[in-house]
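Below are some points on the structure, written for a first reading. Please keep the model open while going through them.

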Amino acid sequence: VKTLHPAVSGGILARATEDDAADLEIINADYIDLVACNLYPFEQTIAKANATLEEAIENIDIGGVTLIRAAAKNFARLIVLTEPDEYSLVLKELKETGTVSAATRRELANLAFTHTADYDAAIRDYLKE
């Protein structure tokens with residue numbers, strides 16, 4: 001399960017501390033500064049008139065949601081992107097200032113948690129039917 005590999009999770013969740021840097025070194029991992037993740041198309045799948053339960057279940061993303069939530073949790077240090085329309089905001093800020101502000105990272109984290117909550121709600125609602 002490559003998306004849940006300790007080097008990936010550790011690189012996302014690691015804080016900018018000496019202890020976390022040492023832990024990354026132990027597992028031979030690096031800090032990850034940006035997570036851009038598009039989830040499996042669950043809602044598009046279930047919108048098809050002939051979608052089966054098996055197809056719906058196959059299109060429930062597990063690893064992507066985990067990556068998004070981990071990145072959003074650590075917004076103080078990294079950037080999380082869940083929609084392509086967010087890319088231009090980050091690129092613009094990087095070009096203008098050379099960094100992405102804490103306020104922007106926090107807003108992107110909020111959008112990420114909203115995205116995963118909506119995704120989970122769609123799954124819940126589908127399985128209720």
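1. The protein chain has 7 helices and 2 strands. This is a predicted model, and each point below should be read with that in mind. Read along the sequence, the elements of the protein chain come in the order α-α-β-α-α-α-β-α-α.

2. On overall dimensions: taken along the principal axes, the box filled by the C-alpha atoms of the protein chain is roughly 50 × 35 × 20 Å. The protein chain has 129 residues, and 36% of them count as buried. Its accessible surface comes to about 8,200 Å². Carbon and sulfur atoms account for 55% of that surface.

3. On contacts: take the contacts in the protein chain between residues at least 6 apart in sequence. Of these, 62% join residues at least 24 apart.

4. On charges: the protein chain carries 12 positive and 22 negative charges. The mean position of the positive charges and that of the negative charges are 3 Å apart.

5. How many aromatic pairs are there? The count comes to 2 aromatic pairs. One of them joins phenylalanine 42 and tyrosine 119, with ring centres 6.3 Å apart and planes at 65°. Ring centres within 6.5 Å make a pair, and planes over 60 degrees apart count as edge-to-face. The pair of phenylalanine 42 and tyrosine 119 is therefore edge-to-face.

6. Where do the two residues of this pair lie? Phenylalanine 42 is in helix H3, which covers residues 42-47, and tyrosine 119 is in helix H7, which covers residues 102-128. The two residues are 77 residues apart in sequence, so the pair ties together parts that are separated along the chain.

7. Are phenylalanine 42 and tyrosine 119 buried or exposed? Buried means under 20% relative accessible area. Phenylalanine 42 has a relative accessible area of 1%, so phenylalanine 42 is buried. Tyrosine 119 also counts as buried, because its relative accessibility is 6%.

8. Phenylalanine 42 also forms an aromatic pair with tyrosine 126. Here the distance is 5.7 Å centre to centre, the angle between the planes is 85°, and the pair is edge-to-face. Phenylalanine 42 lies in helix H3 and tyrosine 126 in helix H7, so this pair ties together parts that are 84 residues apart in sequence. Both phenylalanine 42 and tyrosine 126 are buried.

9. Which residues make up the aromatic cluster? Phe42, Tyr119 and Tyr126 form one aromatic cluster. Phe42 takes part in the pair with Tyr119 and in the pair with Tyr126.

How values were computed
Residues are numbered from 1 along each chain as its sequence is written. This is a predicted model: local features need pLDDT of at least 70, side-chain atom pairs count only at pLDDT 80 or more; totals for chains, interfaces and linings use all residues. Side-chain values use heavy atoms; hydrogens and water are left out. Rings of Phe, Tyr and Trp (its six-membered ring) pair if their centres lie within 6.5 Å; planes under 30 degrees apart count as stacked, over 60 as edge-to-face and the rest as tilted. Helices (H or I, at least four residues) and strands (E, at least two) are DSSP runs, numbered from the N terminus. Buried means under 20% relative accessible area, exposed over 50%, partly exposed in between (1.4 Å probe, protein chains only). Contact means heavy atoms within 4.5 Å. Accessible areas come from the Shrake-Rupley method with a 1.4 Å probe; for residues, only the protein chains shown count as cover. Lys and Arg count as positive and Asp and Glu as negative; His and the chain ends are not counted. The place of a charge is taken as NZ of Lys, CZ of Arg, CG of Asp or CD of Glu.
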